[in-house]
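Trainee: Could you go through this structure with me, a bit at a time? I would like to ask things as they come up.

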Amino acid sequence: RMHLLQGEKTGIYFIDSTPIKVCHIKREKQHKVFDGLAKKSKSTTGWFFGFKLHLVINDKGEIMAFKVTEATTDDRVPVEDLTQGLIGKLIGDKGYIKGALSEALLSRGLQVVTRVKKKMKKGLISLLDKALLRKRAIIESVNDQLKNISQIEHTRHRSIWNFMTNLLCGLIAYCFQPKKPSL
């Protein structure tokens with residue numbers, strides 16, 4: 001964690017993961033820099049070879065926590081680590097639905113809010129939660145800025161250390177941006 005650059009605890013947090021490609025999927029077999037570390041996986045945009053960046057941000061667009069995992073890691077696995085010390089509401093997509101995880105976080109004071117899947121029973125949802133779910137695009141904007149402005153994703157890394165340095169510098173550069181996506 002970047003404790004010095006961590007955002008303000010506001011009580012409203014958004015969580016998402018984004019793929020970090022290290023090479024084109026066609027070249028995954030001949031890629032040697034991340035041999036044994038990077039994995040092939042599928043995201044909503046298709047197959048990729050690389051890692052996943054998991055992010056938690058507040059409603060002001062400030063990064064609260066991040067974690068880099070293998071591409072095949074389930075989105076729900078790093079949630080407990082990422083949300084240590086946070087209380088309030090955590091808004092995520094349908095990939096974060098898991099009863100045991102929701103109960104564990106709720107016992108710590110963090111309520112997970114997601115849309116329901118098609119085959120799930122529809123429960124009552126407050127107007128605030130409904131409005132927050134519509135604002136979930138804020139974290140997609142942060143992911144977009146990290147990739148396109150801070151350039152955390154490119155395929156020219158010559159070492160693992162170069163990759164990690166580039167990723168950290170991109171996250172730090174984002175933290176110092178004067179205008180961030182916010183509610």
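Trainee: Is Glu153 buried, partly exposed or exposed?

Mentor: Glu153 counts as partly exposed, because its relative accessibility is 23%, where buried means under 20% relative accessible area, exposed means over 50%, and partly exposed lies in between (1.4 Å probe, protein chains only). Before we go on, keep in mind that this is a predicted model, in which local features need pLDDT of at least 70 and side-chain atom pairs count only at pLDDT 80 or more, while totals for chains, interfaces and linings use all residues. Residues are numbered from 1 along each chain as its sequence is written, and side-chain values use heavy atoms, with hydrogens and water left out.

Trainee: OK, and which side chain does Glu153 meet in a salt bridge?

Mentor: The side chain of Glu153 meets that of Lys147, at 4.0 Å from N to O; a salt bridge here is a side-chain nitrogen of Lys or Arg within 4 Å of a carboxyl oxygen of Asp or Glu. Lys147 counts as buried, because its relative accessibility is 19%.

Trainee: How many salt bridges does a search of the whole structure find?

Mentor: The search finds 10 salt bridges. Among them is the one between Glu80 and Arg108, whose closest N and O atoms are 3.9 Å apart. That pair links distant parts of the chain, 28 residues apart, since Glu80 is in helix 1 (residues 79–82) and Arg108 is in the loop between helix 2 (99–107) and strand 6. Helices (H or I, at least four residues) and strands (E, at least two) are DSSP runs, numbered from the N terminus. Glu80 counts as partly exposed at 35% relative accessibility, and Arg108 counts as partly exposed at 27%.

Trainee: Switching topic, which residues gather in a patch of positive charge on the surface?

Mentor: Lys94, Arg115, Lys122, Lys130, Arg134 and Lys135 gather there. Patches are made of residues with over 30% relative accessible area and no salt bridge, with like charges joined within 9 Å and nonpolar side chains (Val, Leu, Ile, Met, Phe, Trp, Tyr) within 5 Å. Lys and Arg count as positive and Asp and Glu as negative, while His and the chain ends are not counted, and the place of a charge is taken as NZ of Lys, CZ of Arg, CG of Asp or CD of Glu. Lys130 is found in helix 3 (residues 127–134), and Lys130 is partly exposed, with a relative accessible area of 42%.

Trainee: And which residues form the nonpolar patch?

Mentor: Leu37, Ile160 and Met164 form it on the surface, with about 210 Å² of accessible area together; accessible areas come from the Shrake-Rupley method with a 1.4 Å probe, and for residues only the protein chains shown count as cover. Ile160 is found in helix 5 (residues 160–175) and is partly exposed, with a relative accessible area of 34%.

Trainee: Last one, where does Thr114 lie?

Mentor: Thr114 lies in the loop between strand 6 (110–113) and helix 3, and Thr114 is buried, with a relative accessible area of 17%. Not counting residues up to four places away in sequence, Thr114 touches Gly92, Asp93, Tyr96, Ile97 and Leu133, where contact means heavy atoms within 4.5 Å.
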